[in-house]
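Student: I'm new to this structure and would like a close look at just one part of it. Could you pick a helix and walk me through what surrounds it?

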Amino acid sequence: MIPAQRDRFAIPEGVHYLNCAYMAPLSRSVSDAMVQGSRLKEQPWNFRPADFFLVAEDFRSRAARLAGVEADSIAIVPSVSYALAVAARNLPVARGQKIVTLADQFPSNVYGWRELAQERGGEIVAVRRPRKDCWTEAVIDAIGHDTAIVALPNNHWADGRVVDLVSVGAKCREMGAALVLDLTQSLGAMPIDFAAVQPDFAVAACYKWLMGPYGIGMMYVAPKHHGGNPIEHNWINRAGSEDFSRLVDYRDDFQPGARRFDVGEKSNPPLLMGASAALDFLLEFGVARIAETLGAATQSIAGAADELGLSAAPIGIRAPHFLALEFPDKVPDGLTDRLAAAQVHVSLRGSSLRVTPHVYNTIEDATALITTLRECLG
């Protein structure tokens, strides 16, 4: 288990933040890196042309290490919706074909597909589970020869229940469907084997489980799509852009690999340096060890909550870093407000209380949650 890393975060004593799925707090090293990046703009004469590329490649290489893929397959994006727009532009959908999603999936991984289906004469299939523990079975059943795209998370953003992406990826390849993943609620906290899953595109925003700033993310692009069409055309993504003296020698070719899909003005030192520092924090421990530590934390909380009459899915049905506490009747009115008044910070999602700790949490945080829940339910 990873020892509590609370001293590396600016979380005041008495604040019990168990809400990483909402937004991760920045560690002190990430904040320091962002300040350092901001100060580069104070003296732009010291920011050399090569630095436009250096800060981007530093982030790209770390993101690739975390995902276990080649750096050439990583693009720098500002958001999940941007990355999914890239995927939508580069994947064929014929009239009558289907795009498979999960019911009640996060909106950023729904709206773009709805628009694409409308433009191409396709159909959205929002898969619902016949039971609480069978996302994978329901998704696989929905994929057929008429499926063009399957757009999923690794685990549902509301209750953390997982999709077996290896099995889904195999079914997609069997049926000739593309697989597009939003890993914002899992990458960095739960291992994923890209070689086994074989997604066409995958994206993760940095501000949740990648522990970084808002407004920056990483997108995986499978090599077969490296010759695709970006959704914007900026100067730095073109081949030869390192030579500032020849920028008006306009070129049709691009930087290698997935770099053609990078967002314009990607060379933003505060965001990239902060995100790189966050990835360094995760790489220090490794995703497998983080998942094991968070799984132990959520399992301990689930056991204590069970004594209060609250239930939770076991790890395997849910992701190890995600705990959704379900109430025998309905969630009491004002529960999250009462918890917040006691400086216990969690989220209400659907009919469950979403509890998502990280390595900055201590046993005192879990104790405060259970104690306050007992008082609220008593």
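Tutor: Let's take helix α9. What covers its buried residues includes α2 (49-67), α8, β9 (323-326), β12 (352-355) and α11 (363-377). Covering here is a matter of contact, meaning heavy atoms within 4.5 Å. Helices (H or I, at least four residues) and strands (E, at least two) are DSSP runs, numbered from the N terminus.

A word on the model before going on. It is a predicted one, where local features need pLDDT of at least 70 and side-chain atom pairs count only at pLDDT 80 or more, while totals for chains, interfaces and linings use all residues. Residues are numbered from 1 along each chain as its sequence is written, and side-chain values use heavy atoms, with hydrogens and water left out.

Back to α9, which runs over residues 287-306. Its 20 residues should span 28 Å at 1.5 Å a residue, and the end C-alpha atoms are 28 Å apart, so the two agree. The expected span is 1.5 Å times one less than the number of residues.

Which residues of α9 are buried? They are V287, I290, A291, T293, L294, G295, T298, I301, A302 and A305. Buried means under 20% relative accessible area, exposed means over 50%, and partly exposed lies in between (1.4 Å probe, protein chains only). As you look along that list, keep a general point in mind: an α-helix has 3.6 residues a turn, so residues three or four places apart point the same way.

The largest nonpolar core has 74 residues, and V150 and L152 touch the most other members. Such a core is a set of buried Ala, Val, Leu, Ile, Met, Phe, Trp, Tyr and Cys residues joined through side-chain atoms within 4.5 Å. Helix α8 (residues 269-285) gives the most to this core, with ten residues. There is also a second, separate core of 29 residues, and W113, L116, A178 and A205 are among them.

Q343 is not a glycine, yet its phi is positive, at about 60°. Q343 is partly exposed, with a relative accessible area of 34%. Compare M211, in the loop between β7 (201-205) and β8 (217-221). M211 also has a positive phi, near 65°, in a residue other than glycine, but M211 is buried, with a relative accessible area of 2%.
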